[in-house]
Amino acid sequence: MNSRPCRILVVDDIEMNRDMLARRLERQGYVVEVAEGARSLLERIRGAPVDLVLLDVEMPEISGLDALRTLRGYYSPIQLPIIMVTAKEQSEDIVKALDLGANDYLTKPIDFPVALARIRTQVALKKAEEALLVSEERYALAAQGANDGLWDWNLVDNAIYFSPRWKIMLGFQEAEIGDRPEEWLDRIHVADRERVNDEIAAHQRGLTPHFESENRVLHKDGSFRWMLSRGLAVRDASGKPSRMAGSQTDITGGKVADALTGLPNRLLFIDRLVRLIEHTKRHKDYVFAVMFLDLDGFKMINDGLGHGIGDQLLVGVANRLEKCLRVSDTVTRIEKLFTLARLGGDEFTVLLDQVRDSSDTTLVAERILKALEAPFNLDGKKLFTSASIGIALSSIGYDSAEDLLRDADTAMYRAKALGKGRYEVFDLAMRASVIARLQLETDLRSALGREEFRNFYQPIVSLESGRITGFEALLRWQHPTRGLLQPLEFIPVAEETGMIREIGWWNLQKACRQICSWNAGRNGSAPLAMSVNLSVKQFLQPNLAEEIGKLLREVGLPPGTLKLEITESTVMADPSAAVETLLQIKSLGVQLSIDDFGTGYSSLSYLHRFPLDTLKIDSSFTKSMGQEGDSIEIVRTILPMANSLRLNVIAEGVETAEQLAILRKLRCEFGQGYYFSKPVSADEAGALLGKNPKW
């Protein structure tokens with residue numbers, strides 16, 4: 001058997017999807033590599049062969065279907081299994097992918113057990129084909145297995161010869177085991193027995209080139225040992241199997257121990273969890289907990305200092321975990337009860353037995369975090385690390401070890417999201433949040449095609465004349481079941497997944513066409529301006545200025561009409577590149593505005609570097625004016641400095657007459673907020689213009 005771990009390449013442009021799928025596959029024993037796009041995919045696979053590719057259909061630049069077409073020009077479905085990943089509604093893409101030679105497909109949100117089953121099926125088919133080419137070598141291995149147990153099954157009279165070594169491996173003497181198949185098959189673990197019987201039957205029917213199975217077999221001492229059974233069938237002239245012979249190898253050590261740290265591995269940890277879950281079903285008051293630890297910043301250490309240093313750090317962390325847990329935590333090696341295991345990569349788990357409540361687990365978590373504070377001395381270097389810890393208690397009620405680990409993992413991700421170097425205890429709201437997040441992403445991918453987005457418009461008012469001088473286009477989502485969603489409910493997901501590019505472009509196009517329509521009916525009145533928010537991901541797009549120029553020419557928008565709003569963090573990430581992009585946009589006659597000033601870098605010193613026109617004071621300062629605090633002084637400071645830089649100023653969040661009066665006294669030029677109007681639909685905004693209000 002080829003002992004090389006199965007290598008899987010996950011190709012997806014969304015980082016969270018890649019990382020979540022990679023982590024879960026790694027916990028199943030796969031070696032996983034990731035790619036954020038399909039560019040140079042063929043060269044990458046040629047340079048570092050993989051056993052299977054998970055390929056997302058929808059990706060920028062090169063689609064998954066185009067990448068599939070290229071790969072199939074060099075690799076057959078047997079040589080390189082490819083499973084496509086697509087949305088449920090995209091049946092046309094699924095059909096195209098299968099026509100192009102995809103082995104299978106998965107739909108989002110991914111059902112991991114189904115995904116795992118399909119991956120295993122494709123990998124098994126690939127391995128079976130490869131095994132066919134080397135079947136003679138495998139047969140020789142079975143015949144020469146002097147250190148393994150040998151068996152020879154006469155299928156005609158249904159008798160099996162078991163070698164003395166075969167019997168000793170299970171703790172029996174020669175005379176203690178007979179020659180019936182039940183002596184072997186009935187000792188196989190009940191969870192593995194049906195599968196092994198099916199594998200034997202499949203080989204006897206000629207469905208597989210050889211028999212090969214990893215399973216647990218009962219030892220005389222009552223424990224189960226992991227065995228690798230191999231065999232080949234001999235057929236008579238009619239093709240009917242008459243005999244089947246092979247070997248048995250004890251692989252327990254390799255199956256349950258982590259080779260790097262010596263800790264129990266995932267397999268043994270899961271086995272322990274399964275036993276405890278069954279125990280809790282019989283003893284309702286029995287409670288245990290699982291802690292899921294993930295090192296913060298480990299990838300940076302691995303990539304920056306090399307895998308050798310990374311491995312040393314993992315060993316050091318394992319040693320500290322063992323030392324810091326008290327005796328009653330029962331952290332021991334494989335031969336005894338254990339609670340500490342390494343699942344793979346930089347992930348560790350701790351099993352806390354017989355806990356009273358969550359406070360027991362949080363005390364242990366605090367002790368672990370404290371133990372990791374001191375630096376690790378590795379090859380003369382002092383390295384610091386911390387861990388994010390998720391905790392799940394059995395009292396929630398679990399039927400499977402995988403579900404419990406999943407929830408501890410979810411809590412760990414929450415800890416990372418809240419700042420790392422901390423712990424979080426799982427509750428059912430976390431699970432609901434994850435499910436809702438995945439559903440929102442799925443719905444968001446279909447929203448553009450279903451025309452579910454809406455632009456709402458909020459007027460921008462001249463504080464000198466009291467008249468409307470323009471609008472800001474604000475995105476809303478008319479969700480089919482949840483109603484009208486505000487930006488904070490979906491924009492963060494759109495940003496994270498990259499969908500903000502398409503959504504933001506729709507927002508910009510719609511706003512440009514709308515302001516053209518309104519200005520066309522102004523009948524000699526001063527034209528209105530339209531402000532549109534530009535996200536970081538949009539700002540970083542290649543050829544952004546070129547695309548904006550095309551849009552302006554297409555809709556016939558005069559210079560000075562469009563104003564793009566960007567945040568401080570957008571331009572400060574790479575100031576030099578930002579200046580170049582802003583100048584290109586500015587040359588199109590587009591005005592530029594810094595949005596939410598005061599919430600980011602909060603410094604006017606950098607503003608002169610950028611070709612800006614407008615500064616928008618964050619609403620938090622405006623709303624606090626007139627109350628105790630420094631807000632009015634901050635606004636009082638900003639206005640003259642902005643004027644000296646020839647920037648006009650818009651105060652956001654104007655909600656009261658008192659705030660308006662203060663802003664006018666401070667000679668702020670423009671205001672925006674609910675005092676004038678809430679964001680309204682295009683029809684309502686048009687009606688408001690028709691009234692020509694004055695404040």
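**Notebook: salt bridges**

I started with helix α20 (residues 544–555), where Glu-547 and Lys-550 sit three residues apart, so about one helical turn separates them. I took helices as DSSP runs of H or I, at least four residues, and strands as runs of E, at least two, numbered from the N terminus. The model is predicted, so I kept in mind that local features need pLDDT of at least 70 and side-chain atom pairs pLDDT 80 or more, while totals for chains, interfaces and linings use all residues. Residues are numbered from 1 along each chain as its sequence is written, and side-chain values use heavy atoms, without hydrogens and water.

Glu-547 and Lys-550 do form a salt bridge, with the closest N and O atoms 3.7 Å apart. My cut-off was a side-chain nitrogen of Lys or Arg within 4 Å of a carboxyl oxygen of Asp or Glu. Glu-547 is partly exposed at 33% relative accessibility, and Lys-550 is partly exposed at 40%. I call a residue buried under 20% relative accessible area, exposed over 50%, and partly exposed in between (1.4 Å probe, protein chains only).

Next I checked Lys-167, which pairs with Glu-174 at 3.2 Å, N to O. Lys-167 is buried at 5%, whereas Glu-174 is partly exposed at 44%.

Then Asp-294 and Lys-416: a salt bridge at 3.0 Å between the closest N and O atoms. Asp-294 lies in strand β11 (residues 289–296) and Lys-416 in helix α15 (residues 401–417), 122 residues apart, so I noted a link between distant parts of the chain. Both Asp-294 and Lys-416 are buried.

My total came to 50 salt bridges.
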